[in-house]
Protein chains: 2
Amino acid sequence: MYTLYYSPGACSLAPHIALLENKLPFELKKVDLKTHMTADGVEFSTVNPKNYVPVLVLENNEILTEAAAILFYIAEHGPDANKIASPDEIKRYRLLESLVFVSSEMHKVIGTFFNKQLPEESKVILRDKIKNRFNYLDAKLKSSEYLTGPEFSVADAYCFTVLRWFGILDTGLMLSDWPNISTYFEKLRTRPAIVVAYEEEGLTR
Amino acid sequence: MYTLYYSPGACSLAPHIALLENKLPFELKKVDLKTHMTADGVEFSTVNPKNYVPVLVLENNEILTEAAAILFYIAEHGPDANKIASPDEIKRYRLLESLVFVSSEMHKVIGTFFNKQLPEESKVILRDKIKNRFNYLDAKLKSSEYLTGPEFSVADAYCFTVLRWFGILDTGLMLSDWPNISTYFEKLRTRPAIVVAYEEEGLTR
């Protein structure tokens with residue numbers, strides 16, 4: 001049994017979806033990111049000194065942090081782990097490459113708009129970056145159903161999570177300007193694991 | 001034989017160091033990130049549509065992008081690959097966790113200061129974030145010689161590369177305020193692979 005520390009709609013949504021997709025047994029522990037307390041009254045910094053979600057407690061009680069690392073762990077422990085198991089298999093590194101792309105080029109750029117104090121000049125710089133990365137992603141999704149090919153992977157769980165933020169935040173850009181990303185997002189939104197994750201985190205959109 | 005596309009001192013310095021540390025055979029191809037042309041006259045976007053370094057061309061001619069993914073690949077193909085080979089081995093995920101931490105929490109934050117148009121309000125936000133992450137890192141390096149334990153790993157090559165930027169950029173912060181990080185950086189600076197990488201990229205500091 002795994003334990004996932006999460007905050008509703010935060011990037012912990014990605015491992016939440018990935019655990020469901022991979023049918024791994026887990027329990028959820030909610031963290032209030034303002035007070036840094038867990039719902040069961042524990043100071044979160046005692047769990048993760050970095051004080052951010054997600055945290056995955058492994059079956060041997062080791063604590064694993066960083067969304068992209070947790071997602072790769074889940075992929076390597078799910079029912080399709082053998083498909084990415086060998087260092088001679090390029091699929092393995094395509095998954096890692098996509099995870100790092102979402103983490104460093106999308107999560108960190110789009111997530112910055114959560115900061116209400118973000119100055120307008122910074123928004124201009126970030127918008128250019130988002131356009132650039134979305135142009136690349138849209139072209140990729142034109143010829144590939146999912147990020148790493150014809151099958152859903154944990155990288156899509158992560159990409160979906162960040163695109164969800166994009167839909168909520170006021171970035172000054174519209175997802176509909178990238179039709180392949182829009183179609184991809186809408187298709188993912190109806191996946192059973194994503195519907196369940198929304199319910200379990202109490203998300204409405 | 002691998003090929004590494006790099007730009008002097010960019011985050012491609014990390015896989016450059018890692019290739020040397022792991023004694024893997026490689027050649028370097030220099031990219032001008034202003035003109036987006038390689039030194040041998042190729043438009044870089046035809047190599048990597050994302051138009052950024054590093055790119056590692058594998059021995060089977062597959063193109064791998066994203067620094068953290070390339071570094072994990074190198075670790076999995078170096079002489080110590082067996083130490084991180086099993087999904088039952090937590091060391092494997094500690095390495096990945098450190099790579100993702102450097103990528104998303106250090107590279108992306110410190111690297112933003114390369115932008116000369118960065119407004120002062122943004123610098124204030126970023127400085128707070130750097131302090132926060134450096135406090136965590138300094139505490140970690142107090143009890144651990146390297147990022148993932150007593151041995152140097154590819155995550156240290158990445159962390160060194162980003163700390164080098166910190167020393168060059170005007171962030172308004174001083175590395176000497178974090179003594180364990182300073183000691184770690186100075187120690188890494190004299191590693192033979194890092195000295196060679198500096199020479200090969202024409203770096204002086």
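Six salt bridges are counted between chain B and chain A, a salt bridge being a side-chain nitrogen of Lys or Arg within 4 Å of a carboxyl oxygen of Asp or Glu. One of them pairs E76(A) with R92(B), with 2.7 Å between the closest N and O atoms. The model is predicted: local features need pLDDT of at least 70, side-chain atom pairs count only at pLDDT 80 or more, and totals for chains, interfaces and linings use all residues. Side-chain values use heavy atoms, without hydrogens and water.

The contact (heavy atoms within 4.5 Å) takes 38 residues from chain B and 38 residues from chain A. About 3,300 Å² is buried between the two chains, 60% of it on carbon and sulfur atoms. Buried area is the accessible area (1.4 Å probe) that two parts lose on being put together, summed over both. In chain B, Y93(B), E97(B) and K108(B) lose the most area to chain A, together 15% of what that side buries.

Between chain B and chain A, 15 residue pairs are in polar contact, both residues at pLDDT 80 or more. A polar contact is a pair of N or O atoms within 3.5 Å; within protein, one must be able to donate a hydrogen and the other to accept it, and residues adjacent in sequence count only if both atoms are side-chain atoms. On the side of chain B that touches chain A, α3(B) supplies the largest share, twelve residues.

H107(A) lies in helix α3 (residues 90–110) of chain A.

Note on methods:
Residues are numbered from 1 along each chain as its sequence is written. Chains are lettered from A and ligands numbered from 1 in the order in which they are written. Helices (H or I, at least four residues) and strands (E, at least two) are DSSP runs, numbered from the N terminus.
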